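Subject: A structure for you to explore

Hello,

Here is the structure I promised to pass on to you.

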Amino acid sequence: SAGGCNACEADTNVLNTLAFDLGRFGIQFVASPRHADGLLVTGPVTPNMVLALRKTYEATPPPKIVIAVGACAISGGLFCGSNENRGADTILPVDLFIPGCPPHPLTILDGLLRLIKRI
């Protein structure tokens, strides 16, 4: 989370439940960027999170992907146009944008599976 309301995180966490079972597709969330293949960014990037986001990106081993989930991570959401909060693509190269406020878990799953060419 780069400074959001936690709604996108909640709908992303639902993917780990038995109903969706994200692990069956070979996708799992890890705690350390050093164990990750990519970053899933939620929330508008606040000024206090810019450095942390860049450091997290640098700690992720290449090749890496960046996924912006939700309107805030894509454009700054409600804060779009302000000088303080902005979308993740102003800080990092984003490979996948998943729209919504918050996006439905099925929308997130669809985006992830299309990214890894499973559908």
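**What I found**

Asp-110 and Arg-114 are joined through their side chains by a salt bridge, with 2.9 Å from N to O. The term salt bridge is used here for a side-chain nitrogen of Lys or Arg within 4 Å of a carboxyl oxygen of Asp or Glu. By this rule the count is 1 salt bridge. Before you go further, please note that this is a predicted model, in which local features need pLDDT of at least 70, side-chain atom pairs count only at pLDDT 80 or more, and totals for chains, interfaces and linings use all residues. Residues are numbered from 1 along each chain as its sequence is written, and side-chain values use heavy atoms, with hydrogens and water left out.

Helices (H or I, at least four residues) and strands (E, at least two) are DSSP runs, numbered from the N terminus. Asp-110 is partly exposed, at 28% relative accessible area, while Arg-114 is exposed, at 51%. For these words, buried means under 20% relative accessible area, exposed means over 50%, and partly exposed is in between (1.4 Å probe, protein chains only).

**The whole protein**

The protein has 4 helices and 3 strands, and from the N terminus on they run α-β-α-β-α-β-α. Of its 119 residues, 37% are buried. The C-alpha trace spans about 40 × 30 × 20 Å along its principal axes.

Is Glu-9 buried or exposed? Glu-9 is buried yet has no salt bridge, and the nearest side chain of opposite charge, Arg-86, is 17 Å away. For charge, Lys and Arg count as positive and Asp and Glu as negative, while His and the chain ends are not counted. You will find Glu-9 in helix 1 (residues 7-13). Its side chain makes a polar contact of 2.9 Å with the side chain of Ser-1. A polar contact is a pair of N or O atoms within 3.5 Å; within protein, one must be able to donate a hydrogen and the other to accept it, and residues adjacent in sequence count only if both atoms are side-chain atoms.

Thr-60 sits in the loop between helix 2 (50-59) and strand 2 (65-69). With 1% relative accessibility, Thr-60 is buried. The side chain of Thr-60 reaches the backbone oxygen of Thr-56 at 3.0 Å. Apart from neighbours within four places in sequence, Thr-60 is in contact (heavy atoms within 4.5 Å) with Pro-33, Ala-36, Asp-37, Gly-38 and Leu-39.

**The nonpolar cores**

In soluble globular proteins, nonpolar side chains tend to be buried together. A nonpolar core is a set of buried Ala, Val, Leu, Ile, Met, Phe, Trp, Tyr and Cys residues joined through side-chain atoms within 4.5 Å. Which residues have the most contacts inside the largest nonpolar core? They are Leu-15, Leu-109 and Leu-112, in a core of 14 residues. Strand 2, strand 3 (96-98) and helix 4 each supply at least two residues of this core, and helix 4 gives the largest share, 4 residues. A second, separate core has 13 residues, including Leu-53, Val-66, Ala-68 and Ala-73.

Enjoy exploring!
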